[in-house]
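Please consider the model shown below with attention to its ligand and to the space that the ligand takes.

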Amino acid sequence: MFSFFRKKNPAPAPEAPVVTPDAPPAVEPVAAPAPAPEHPPTSAARPAPAAPRESWLNRLKSGLRRTGSGIATVFTGTRIDEDLYEELEAALLMADSGVSATQHLLTDLRRRVKEAKATEPAAVKALLADAIADLLKPLQKPLVIGEHKPTVIMVAGVNGAGKTTSIGKLTRHLADDGASVLLAAADTFRAAAREQLAVWADRNTVDIVTQEGGDPAAVCFDAVSAGKARGKDVVLVDTAGRLPTQLHLMEELRKIRRVVNKADASAPHEVLLVIDGNTGQNALTQVKAFDEALQLTGLIITKLDGTAKGGVLCAIARERPVPVYFIGVGEKLEDLETFDAREYAQALLS
Ligand SMILES: Nc1nc2c(ncn2[C@@H]2O[C@H](COP(=O)(O)OP(=O)(O)OP(=O)(O)O)[C@@H](O)[C@H]2O)c(=O)[nH]1
Ligand SMILES: [Mg+2]
C-alpha cells in the first residue's frame, strides 16, 4: 500500500482552460501532448493498481542482498569476538556506510550487545538491525500535500539519477490519492527530455506546461501561475540533470527556486533531490552540495532494485539527515514506495 500524509482533502480542482493572465505568452500550457516515438504507446486508461507493499519489499531485499550480503554473512559464525566486529566494520564500509556512520553503528552495537547480554551472532544481527533502524529513523518522514494549494515540488539531481521517472511515478501516486497534478517541463535543454515528461503526463492524464528551448525559470513561473489559476493540488517541476561542480547550472537551479517563489510567495514547498542508489559515497557529496544550493526538504533514492549497496543511507543519516520521502525499486509506474527505516534496515541485513 502506498501512502503519504495529506493534511487536508482539497476539493476537486476546477479544470479551467485558461492560462494565468500574467504569464508570458511564449509558454503554452498544454494538456498531455503526443507521446515520444521512442516510448511504448500510452493510453488514457489508468494502469493496473500498484503492487502490494510486500512484493516490492522483496525486490528491495533482493537488490540489496546482491551487494549488501556482506553484512549478513558476518553473522554466520558461532562466536561473538573482535573478529566479528572487525568483519562487520569492513562490511559496513564496503556497503558505502562511510566512516562516521560505521563507527557510530559499531559503538552503538557493542553497547546493545552488552546490555542485552547477547551470546549468539544471530542475536547480534538482530541488535544491529535495531541500531540501523534507529539511525535511519530521522530520515523517515511523510510528504505532506494539502497545506498549500498548489503544493509546489521542485525536483533536482545529477544526470540520469531518475528525476523524470520518479516524477512520473509520484504523479501516479498523487493522482491515485485524488490530487490534481500539473507537471512543469523545466528541462528545456533537450527536446527528448520534454517528450519524456510528456509521456508520463499522458500516462497519468495530467496537464503539462512546456516550452521549446527558452528559460527553465520562465517555464516554472508559468507552471506555478497556471497551477494556481487552475486550482491544482500539486505542481511538480522537472529540472535538467547537472553536477554540483557545474556552478553555472547550480546557479540556474537557484534562479528557478527564486522565480518559483516570485510566482507564489510560499513556494517551493518541497525541494527534492533524486539520488541514484548506485552512486555510493558520492551520494553524500551530492546531498551536501544540492542542500547548500537549494535547501533541500527531501530525497528520493532510486534504483535500489539494482546493484545499490544501500549503506549510503546510513552515511546520509549520520552526516546530512535530509528526509527520504520515497525509494525507487524499478522502472515502472508503481515502483516507488515510501521509506520505512525498519523495513530498510531489515532488507539491508537480509
Ligand atoms: N531499475 C531502476 N531504474 C530506474 C529507476 N528510476 C529510474 N530508472 C531508470 O534510470 C534511467 C534514467 O531515468 P530518468 O528519469 O530519465 O533520469 P533523469 O534524472 O530524469 O535524467 P536526466 O533528465 O537526463 O538528468 C531510465 O532508464 C529509468 O528507467 C529505479 O528505481 N530502478
Ligand atoms: Mg530527466
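Helices in this account are DSSP runs of H or I with at least four residues, numbered from the N terminus. The model is predicted. In the shell around ligand 1, the largest share, four residues, is contributed by helix α5, which spans residues 163-176. The shell holds 20 residues, of which Lys163, Thr164, Thr165, Asp305 and Glu331 come nearest to the ligand.

An N or O atom in the side chain of Lys163 lies 2.7 Å from an oxygen atom of ligand 1. For the side chain of Thr165, the corresponding distance from an N or O atom to a ligand oxygen is 2.5 Å. Gly330 takes part through its backbone, where an N or O atom is 3.2 Å from an oxygen atom of ligand 1. Taken alone, the ligand exposes 650 Å², and the protein buries 79% of that area.

Ligand 1 takes up the space of the largest pocket, whose volume is about 480 Å³. This pocket is lined by 27 residues, and Gly160, Gly162, Lys163, Thr165 and Gln196 are the closest to its centre. Two or more lining residues come from each of α5, α6 (191-204) and β5 (234-239). Helix α5 gives the largest share of the lining, with five residues. By class, the lining divides into five nonpolar, 13 polar and nine charged residues.

How values were computed
Residues numbered from 1 in each chain as written. Chains lettered and ligands numbered in written order. Predicted model: local features only at pLDDT ≥ 70, side-chain atom pairs only at ≥ 80, totals over all residues. Heavy atoms only, no water. Near = heavy atom within 4 Å. Polar contact = N/O pair within 3.5 Å; in protein donor to acceptor, adjacent residues only side chain to side chain. Areas by Shrake-Rupley, 256 points an atom, 1.4 Å probe, with all protein chains shown as cover. 1 Å grid on protein atoms, 1.4 Å probe; cavity = no way out; pocket = protein on both sides within 12 Å on 5 of 7 lines; lining within 4 Å. Sits in = over half its atoms within 2 Å of the grid points. Points joined across faces, edges and corners; volume = space filled by probe spheres on them. Nonpolar A, V, L, I, M, F, W, Y, C, P; charged D, E, K, R; others polar.
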